[in-house]
Amino acid sequence: MNNLPSYHAAVTVTDDVVAALSQLISRYPEDKVFLVSESNTTQFCLPVLQDVIGWEKVKKTEVPAGEENKKLSSVEKIWMFLSQNGADRKSLVINVGGGMLTDLGSFAASTYKRGMDFVNVPTTLLSQVDASVGGKTGFNFNGFKNEIGVINQPKDVIIDTRFLKTIDRRNFVSGFAEMVKHGLIRSADHLKEVRNYDLDLLNYEALAGLIARSVAIKDYFVDKDPTEKNIRKALNFGHTIGHAFESYAMTSGKPILHGYAVAYGMMAELYLSHKMAGLSSRDLKELSYWLMTIYGKFDITSEDYDALLSLMSHDKKNEGKRINFTLLPKVGKVAIDQDCSRDLIIESLDFYRNLSL
Ligand SMILES: NC(=O)c1ccc[n+]([C@@H]2O[C@H](COP(=O)([O-])OP(=O)(O)OC[C@H]3O[C@@H](n4cnc5c(N)ncnc54)[C@H](O)[C@@H]3O)[C@@H](O)[C@H]2O)c1
Ligand SMILES: O=C(O)C(=O)C[C@@H](O)[C@H](O)[C@H](O)COP(=O)(O)O
Ligand SMILES: [Zn+2]
């Protein structure tokens, strides 16, 4: 078990989630521990936790799975469960799921009676390397990604790669995109080891170390700027355009996974990095092409540009009417608070659309 250095929350990468959770639960009154899962993690993940000490006393609820359920009514269901089962400010919520679930459950715990302790047990690659760590919580609202939320740190994050053995390939590859992002924004060496990871072989032993180093990069930025006033925006590379793709796909009835949306966003924002921040044309071509070989493309036409630009204008990093980006002068270096013009964003969407194998 290795505890990564952290700001408020321990981040524990372990091969024994049962022992880690048993130890944490023992610190709370036995009738004050509550568990939130979703339909898939109830099926695939809760059986792993049956031997947690005190498990039979843990009160459990379940919300429907899927990004489309990362919404207010799911939060209300969790609040009602907590309220009807005697949760109080000294209670603990255990969130067992991917990023959709940990965002929802963390928000519900952070707002119930103005806040109770919660621990995240991430069960997807994306949540293990990104979503469960750093305290961003919340849900989608009015067609915008993470429109409602707070930043509030978990008491602990318990990462056990055994949960990853039941996620499907597309969701594995989705999480891989955030690992690529961590390499791009912080470390050429980490990017190299991520790119060398064989997505067809899936070596879980090697993966645990990769996850620990990826989470450490997220931890580095969160530790420096927990409330995203400046350098934490590095973690948002690919997201100004990526979130617009994700929201647009959702409303057009053909949802795309978050990591795929981020990969498409990174392809376009690499172009902006070249034009605005000095990324070499060699790196632009090589990196955008490599991403496309893994993620393919999200089909858009120039007819979609106005809707996409409107979605980008809602990005939470924006100030006034300017659309704010985090860009990449080179691999391992970021340039935050880069405002890009409408025309240049359209150029980046043209670049993205013209990418081909
Ligand atoms: N708070 C943050 O810092 C942060 C960071 C990145 C992403 N996010 C959010 O996270 C969400 C994406 O997270 P995700 O990719 O984990 O999606 P997800 O939580 O929807 O999980 C993906 C799919 O895998 C299923 N699943 C989860 N664990 C499983 C397991 N062990 N075995 C089998 N199936 C399993 C889920 O039911 C779902 O169908 C988005 O809403 C994104 O906005 C938040
Ligand atoms: O933790 C952060 O900060 C991030 O930006 C991590 C992102 O990967 C994640 O998708 C986050 O939810 C996006 O934040 P948002 O503020 O753009 O909604
Ligand atoms: Zn993300």
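1. Ligand 1 is surrounded by 27 residues, and the closest are Glu38, Glu67, Thr124, Lys145 and Thr166; a residue is counted if one of its heavy atoms lies within 4 Å of the ligand. This is a predicted model, in which local features need pLDDT of at least 70 and side-chain atom pairs pLDDT 80 or more, while totals for chains, interfaces and linings use all residues. Residues are numbered from 1 along each chain as its sequence is written, ligands from 1 in the order in which they are written, and side-chain values use heavy atoms, without hydrogens and water.

2. The shell around ligand 1 comprises eight nonpolar, 10 polar and nine charged residues, with Gly counted as polar. At least two shell residues come from each of α2 (39-44), α4 (99-111), α5 (125-131), β8 and α6 (169-186).

3. Polar contacts are pairs of N or O atoms within 3.5 Å. A polar side-chain atom of Lys145 is 2.7 Å from an oxygen atom of ligand 1, and a backbone N or O atom of Gly99 is 2.8 Å from an oxygen atom of the ligand. A polar backbone atom of Lys136 lies 2.9 Å from a ligand nitrogen atom. Of the 860 Å² of accessible area that ligand 1 has on its own, the protein covers 90% (Shrake-Rupley method, 1.4 Å probe).

4. In helix α12 (residues 305-312), the buried residues are Tyr305, Leu308, Leu309, Leu311 and Met312; buried means under 20% relative accessible area (1.4 Å probe, protein chains only). Viewed down the axis of α12, these residues fall within an arc of 160°, so they line one face of the helix. Their cover includes β8 (144-148), α9 (239-251), β10 (323-330) and α13 (342-354), with contact meaning heavy atoms within 4.5 Å.

Notes
Buried means under 20% relative accessible area, exposed over 50%, partly exposed in between (1.4 Å probe, protein chains only). Helices (H or I, at least four residues) and strands (E, at least two) are DSSP runs, numbered from the N terminus. The arc is that of the directions from the helix axis to the C-beta atoms. A polar contact is a pair of N or O atoms within 3.5 Å; within protein, one must be able to donate a hydrogen and the other to accept it, and residues adjacent in sequence count only if both atoms are side-chain atoms.
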